[in-house]
Amino acid sequence: MYQFSGKLKMLAFALMIIGALGTAYSFLSAPKTIEDAKAILAEQAHHGGGHGEAHASDDAHAVTSHTEEVKHEEVKTIEVKHEENVDSITHSEAADHKEEVIHENVTEEHKEEAHIAEQVVEKHVAETAHAEVAQHGEAHGEDHGDHHAEHALHQMQNRPWSAFYVAMLFFLGVTLLVLAFYAAQRVAHAGWSVALFRVMEAITNNLHYVSVIMLLFLIATFMHMNHLFPWMADGVFDPQSSNYDAIIDGKKWWMNTPSWLIRGVIYLLGWNIFRFIIRKKSMEQDNGDLKLHKNIYNICVGFILFFMFTESMASWDWIMGIDPHWFSTLFGWYVLATFLVSALTIIAFITIYLRSKGALPLVNDSHIHDLAKFMFGFSIFWTYLWFAQFMLIWYADMPEETTYFALRFNEYKLPFLAMVVMNFIFPVLLLINSDFKSVPWFVTIGGLVILAGHYIDLFVMVMPGTVGAQYGFGIGELSGFLFFLGLFIYATFSAFAKANPIAKGNPFLHESETHHYYNIEHRGEENSHH
Amino acid sequence: MSTNKVIHALYNDDDILMDAVKKVKDAHHHIEEVFCPFPVHGLDKAMGLAPTRLAITAFFYGITGLSVAVWLTWYTMIADWPQDIGGKPNFSWATNMPAFVPILFELTVFFAAHLMVITFYMRSRLWPFKDAENPDPRTTDDHFLMEIPVHGNEDELKALLETTGAVEINVVDKH
């Protein structure tokens with residue numbers, strides 16, 4: 001039996017406490033009023049990002065036509081971010097506000113009306129630039145300033161919620177996919193992985209813990225405590241309201257808060273019940289009952305069916321619902337691929353760790369090799385789905401679909417591109433070598449990059465729709481991640497310590513014990529029984 | 001070498017063959033060749049053969065294919081005649097890159113696969129109208145044959161092979 005060491009338990013609790021404190025801090029420090037938001041915006045304008053400096057030289061051209069200004073931007077591929085709306089701004093003031101981009105349709109009028117746009121527009125056609133600026137549905141009139149500040153306020157208030165939400169979804173998805181992978185191994189009568197069954201079962205223990213928090217989160221969202229889902233806002237379905245959105249109204253049969261919450265509860269409940277039963281029966285199977293083995297097989301078939309439907313729907317409800325105007329057919333599989341790679345990486349990590357502690361006597365290098373093969377293969381599978389989704393939308397370039405990627409490519413360029421490198425190029429080059437795949441050190445390095453890459457992937461799925469340009473990776477994001485990491489460590493190792501690390505009643509156990517990939521030499525292990 | 005004599009030891013089971021190979025290797029005799037009707041797992045390792053480098057060549061062929069595809073798409077679509085086709089951005093290769101990915105992928109696979117196969121044929125000297133080299137037709141059906149060169153130690157070798165369960169031991173002059 002494995003002993004959950006006090007040190008590790010301490011680490012798990014420390015992570016949870018630090019995470020909880022940091023999350024509380026990020027909630028408390030979020031702006032409460034429009035005035036706060038305006039102050040932050042003004043601050044941001046003065047400490048503007050890189051594009052501010054790039055504009056310093058443009059000020060001389062402030063009087064020249066707006067068209068030129070925008071074209072200049074395009075060449076530099078720098079986003080035009082309009083930080084602040086100042087109703088009457090003199091030309092000399094504009095020179096002082098080096099960060100600001102001044103839009104002028106007519107040179108003469110620039111003293112009265114200097115439009116400060118708020119969003120990046122991917123097609124910098126000067127004539128339409130102002131129209132596109134209003135892509136958030138904001139009026140471009142006198143009250144633009146307040147509208148903009150209110151919009152930014154919502155995004156800033158969303159940030160601690162989103163930070164927590166991304167971390168929670170990440171760990172929920174990963175643990176759920178470990179269960180799905182485990183069930184698939186059962187259904188496929190896989191011989192190699194039986195030595196890893198108890199590791200996978202232990203990881204899925206985390207599902208119960210995260211589900212409880214997720215449930216509370218769903219209820220909080222249902223009670224309008226956050227603005228993560230724009231379609232939940234007041235008046236969206238009311239034709240009399242200024243908030244009325246005919247597109248979302250057309251999706252009302254699916255997108256309405258009561259059924260959204262009910263569906264969420266069904267997914268969570270279903271997954272947890274399946275996990276509980278499978279784990280319980282698997283422990284009982286230590287007595288070697290073959291009838292029980294068949295029984296677990298049937299339950300796993302049922303789980304996989306239930307999972308395939310609910311995973312797709314959950315990804316529509318919880319991730320795609322953040323951008324209610326946008327839809328993609330393969331989104332559910334794409335989310336599945338993201339979590340599946342991460343799940344395999346997590347299994348490999350826990351296996352490597354536990355083996356190094358001597359807790360997994362049956363696991364040899366061939367098992368690690370197989371896990372790394374899965375990590376490699378599903379990294380490519382993820383890239384395939386990611387690219388299939390991106391390229392079809394890029395190719396057809398239909399405006400209602402393209403905005404999704406235009407926003408991400410313009411505002412989230414670094415994470416958006418970094419994620420492709422981290423999730424595809426790096427693992428492919430590192431794990432393509434057969435020898436490397438059985439070296440724990442290589443698998444760990446590759447796995448760290450893969451996990452970080454898929455966290456960023458989820459980040460880029462969620463954040464643009466909830467916090468938009470107000471994103472960052474700060475205390476809130478880090479704390480959310482640390483909290484769920486601590487919870488994960490606690491859940492996994494406490495469950496692993498409760499059971500025999502060898503699933504000794506499984507009829508395929510011997511096959512797993514003697515599992516050997518012909519191409520590799522086991523390091524420092526007895527290899528005579530092959 | 002003065003003599004071209006070899007010993008052909010025939011077996012009718014792959015397990016027995018494996019044990020025989022290990023035994024002969026342990027006695028420090030060089031095994032010239034083993035003929036089998038099907039792949040025997042672990043035989044290469046038992047014989048001490050060096051691992052194949054075919055996969056490494058395939059990797060480089062793949063890179064070659066990728067480069068060819070990059071050049072082809074760049075030259076035809078961007079450099080030579082950058083037409084506006086349906087509004088696709090052809091200012092540079094990078095702006096139109098997503099449209100080229102299917103070609104990049106396919107040519108990478110095409111080059112890697114075909115050149116690797118051709119490499120395999122060349123390295124294993126296989127081509128149409130090539131004369132078959134199997135010393136005994138039974139090795140394509142249900143027998144395994146181990147070939148060991150004789151350097152004046154014919155009797156010693158024969159005695160050793162007798163103990164390994166060979167069903168037939170022949171001394172053959174190789175021409």
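Modeller: Let's start in helix 13 (residues 365-396) of chain A, where A:Lys373 and A:Asp370 sit about one helical turn apart because three residues separate them. Helices here are DSSP runs of H or I with at least four residues, strands are E runs of at least two, and both are numbered from the N terminus. The side chains of A:Lys373 and A:Asp370 form a salt bridge, 3.3 Å from N to O; the rule asks for a side-chain nitrogen of Lys or Arg within 4 Å of a carboxyl oxygen of Asp or Glu. A:Lys373 is partly exposed at 30% relative accessibility, whereas A:Asp370 is buried at 10%. (Buried is under 20% relative accessible area, exposed is over 50% and partly exposed is in between, with a 1.4 Å probe and protein chains only.) Elsewhere, salt bridges with shared partners tie A:Arg198, A:Glu201, A:Arg279 and A:Asp286 into one network.

Before going on, the ground rules: this is a predicted model, with local features needing pLDDT of at least 70, side-chain atom pairs counting only at pLDDT 80 or more, and totals for chains, interfaces and linings using all residues. Residues are numbered from 1 along each chain as its sequence is written, chains are lettered from A and ligands numbered from 1 in the order written, and side-chain values use heavy atoms, leaving out hydrogens and water.

Back to the charges: there are 13 salt bridges over all chains. Another one within a helix joins A:Glu284 to A:Lys280 at 3.8 Å, N to O; being four residues apart in helix 10 (residues 257-284) of chain A, these two are also about one helical turn from each other. A:Glu284 is partly exposed at 37%, and so is A:Lys280 at 45%. A:Glu477 is buried at 1%, while A:Arg159 is partly exposed at 25%.

Now for the greasy side of things. A:Val421, A:Ile425, A:Leu429, A:Ile432, B:Ile56, B:Phe59, B:Phe60 and B:Ile63 make up a nonpolar surface patch with about 700 Å² of accessible area together. Helix 15 (413-431) of chain A and helix 3 (54-80) of chain B are the elements that each give two or more residues to the patch, and helix 3 of chain B gives the most, four. Patch members have over 30% relative accessible area and no salt bridge; like charges are joined within 9 Å and nonpolar side chains (Val, Leu, Ile, Met, Phe, Trp, Tyr) within 5 Å. Areas come from the Shrake-Rupley method with a 1.4 Å probe, and for residues only the protein chains shown count as cover. A:Ile425, in helix 15 of chain A, is partly exposed at 40%.

Chain B also has strand 3 (residues 144-149), which is largely enclosed by the rest of the structure, since six of its six residues are buried. B:Phe144, B:Met146 and B:Ile148 point one way, and B:Leu145, B:Glu147 and B:Pro149 the other. Strand 1 (residues 5-11) of chain B runs antiparallel to strand 3 of chain B, with six bridges joining the two; pairing takes at least two DSSP bridges. B:Val6 has B:Pro149 as its bridge partner.
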